[in-house]
Amino acid sequence: MKFADLGLSDELLSAVQDAGYEEPTPIQAEAIPQVQMMRDLIAIAQTGTGKTASFVLPMIDILAHGRRRALMPRSLILEPTRELAMQVAENFEKYGKNHDLKMALLIGGVQMGDQVKALNEGVDVLIATPGRLMDLFERGKILLNGCDLLVIDEADRMLDMGFIPDIEFICEKLPSQRQTLLFSATMPPPIKKLADKFLSNPKQIEVARAATTNENIAQFKVEISPRKKKQALKYLLEVDNVQTAIIFANRKTTVRDLNKDLQKSGFKSGEIHGDMDQASRIAELDLFKKGEVNILVASDVAARGLDIKGVSHVFNYDTPWHPDDYVHRIGRTGRAGAKGRAITLVTPEDREALENVEKLTKFKVPEFPWGEVAPKAGGGQAVEEQREEKPREEKKSRSRRKKDDAPKAEEAPREEVRESKPKADKPRSEKSGRKPRKKSEPKEEPVPAGEWNGPKPSFLGVGFD
Ligand code: AMP
């Protein structure tokens with residue numbers, strides 16, 4: 001199928017061509033005609049499938065007809081996080097460049113002034129996180145009764161983050177005669193209930209889970225003792241030909257701690273988590289996108305759905321507690337046809353969580369293929385160097401933690417719950433005393449990204465401790 005077969009306008013076809021897309025993805029081929037027919041839609045799809053364009057493209061054509069009015073947005077897209085909202089806004093700019101449409105982005109953590117000004121001037125598309133939208137609505141700065149097209153994106157993540165009551169409230173303020181599109185990676189009962197209540201005779205479509213079908217992502221596990229996790233991670237970062245990596249941890253405190261530790265060891269890393277203000281998150285992401293840091297340590301909420309090209313590796317420093325998060329995390333690599341590698345560190349405590357992942361994805365994650373390729377000179381040395389770590393830093397960061405743990409992020413309830421759990425996985429006895437090691441330069445011929453490039457380190461040889 002071609003984009004031209006979907007009945008999109010010439011202006012849109014030209015924008016799509018400029019974006020370099022040759023043909024619609026399955027979700028686009030299925031969803032676009034339904035949206036054009038003004039049907040309500042439930043689409044079970046996740047990021048990486050091209051789902052954003054599946055609603056943005058037909059919306060642009062629908063909105064091309066009609067007039068803006070002050071304070072009354074004509075359409076609304078709800079996103080669970082600021083980053084996703086920004087990403088959708090970027091999509092709107094990219095595909096809507098040949099149209100005269102006004103967009104406003106309502107996200108927490110940025111000044112309200114410009115947002116209110118844009119609303120006053122009238123917008124065609126409002127892209128918002130529920131918190132900020134409710135805030136402005138309650139202050140009377142926005143009227144929702146002119147909004148007859150609603151998109152609820154990442155509905156299952158909205159549920160995880162406790163946003164369903166806000167969404168119900170918002171739906172009740174919208175005109176009852178409207179078109180509603182709901183996107184979700186999974187359909188847990190509360191989302192089904194929400195759909196039953198607020199969608200009318202929806203067409204349901206489902207595309208294959210990207211992660212389970214994405215053969216471009218090689219997945220591995222490394223069974224490891226909790227106190228050797230940092231050592232194993234740094235070893236892998238050095239020897240698995242990592243070009244760019246996102247490292248996920250389950251707690252904000254671990255994200256901060258790990259990033260500091262990696263930087264001390266000479267890695268070029270940054271961090272992104274729910275406690276950071278918007279400006280700092282954007283700044284860190286920019287550094288990563290520009291390649292000024294090649295490692296981003298992240299929490300789930302902050303990194304959900306991020307579309308960054310060319311991420312060669314995803315590491316699960318902690319096995320995620322929710323199997324869905326595994327699917328979302330590893331989907332940050334292997335994008336747009338590229339190859340990627342996803343490596344999960346699994347402690348004895350994590351085994352059950354990994355089993356849940358395997359049940360969900362119907363895929364048994366194999367052991368990392370140690371020793372399949374001839375050892376490289378640098379690798380072994382790196383292990384020796386990494387043996388000695390820094391207990392003092394651990395203690396310091398623990399005492400700092402109490403203050404840092406205070407919930408701040410307005411949009412991260414689920415993460416807040418997780419990250420305030422007792423810190424059970426702190427390494428207890430990392431030895432120390434030495435100066436930070438500088439990352440060693442590669443000394444040999446480059447090996448293709450993600451091809452295993454070193455021996456099995458001795459610290460992995462004897463069970464879990
Ligand atoms: P999404 O699932 O919306 O997060 O999109 C994932 C990625 O696929 C984004 O980088 C899009 O720019 C890209 N994309 C969307 N539609 C297409 C298409 N038809 N062909 C190729 N890439 C696409």
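**Helix α3 and its surroundings**

Author: Helices α2 and α3 are roughly parallel to each other (an angle under 35 degrees; over 145 counts as roughly antiparallel, 65 to 115 as roughly perpendicular and the rest as oblique). The model is a predicted one, in which local features need pLDDT of at least 70 and side-chain atom pairs count only at pLDDT 80 or more, while totals for chains, interfaces and linings use all residues. Residues are numbered from 1 along each chain as its sequence is written.

Helix α2 covers residues 26–36, and its axis comes within 9 Å of that of α3, with a crossing of roughly 25°. Such axes are lines fitted to C-alpha atoms, for helices over the stretch in contact, and angles run from 0 to 180 degrees between N-to-C directions. Helices (H or I, at least four residues) and strands (E, at least two) are DSSP runs, numbered from the N terminus. From α2, Ile27, Gln28, Ala31, Ile32, Val35 and Gln36 meet Lys51, Ala53, Ser54, Phe55, Leu57 and Pro58 of α3; contact requires C-beta atoms, placed from the backbone, within 7 Å. By class, this contact between α2 and α3 has eight nonpolar residues, three polar and one charged. Ala, Val, Leu, Ile, Met, Phe, Trp, Tyr, Cys and Pro count as nonpolar, Asp, Glu, Lys and Arg as charged, and the others, Gly among them, as polar.

A further neighbour is helix α4 (residues 82–95), whose axis comes within 10 Å of that of α3 and crosses it at roughly 50°. That angle makes α3 oblique to α4. Here too the crossing is right-handed. Thr52, Ala53, Val56, Leu57 and Ile60 of α3 meet Val88, Asn91, Phe92 and Tyr95 of α4. The residues of this contact divide into seven nonpolar and two polar, with no charged residue.

Next comes the sheet. Seven strands form an open sheet in the order β3-β4-β2-β5-β6-β1-β7, and their pairing is parallel (strands pair if DSSP finds at least two bridges between them). Because β3 (103–106) and β7 (203–206) each have a single partner strand, they stand at the edges and one side of each is left without a neighbour in the sheet. On average, neighbouring strands are turned by 15° against each other, direction ignored. Within the sheet, β1 (residues 41–44) runs parallel to β6 (residues 179–184) and is joined to β6 by four bridges. Isoleucine 44 has serine 184 as its bridge partner in β6. Helix α3 packs on this sheet, touching β1, β2 (75–78), β4 (125–128), β5 (149–152) and β6, and its direction makes about 170° with that of β5.

Key:
Left-handed = near helix turned anticlockwise from the far one by under 90°. Contact = placed C-beta atoms within 7 Å.
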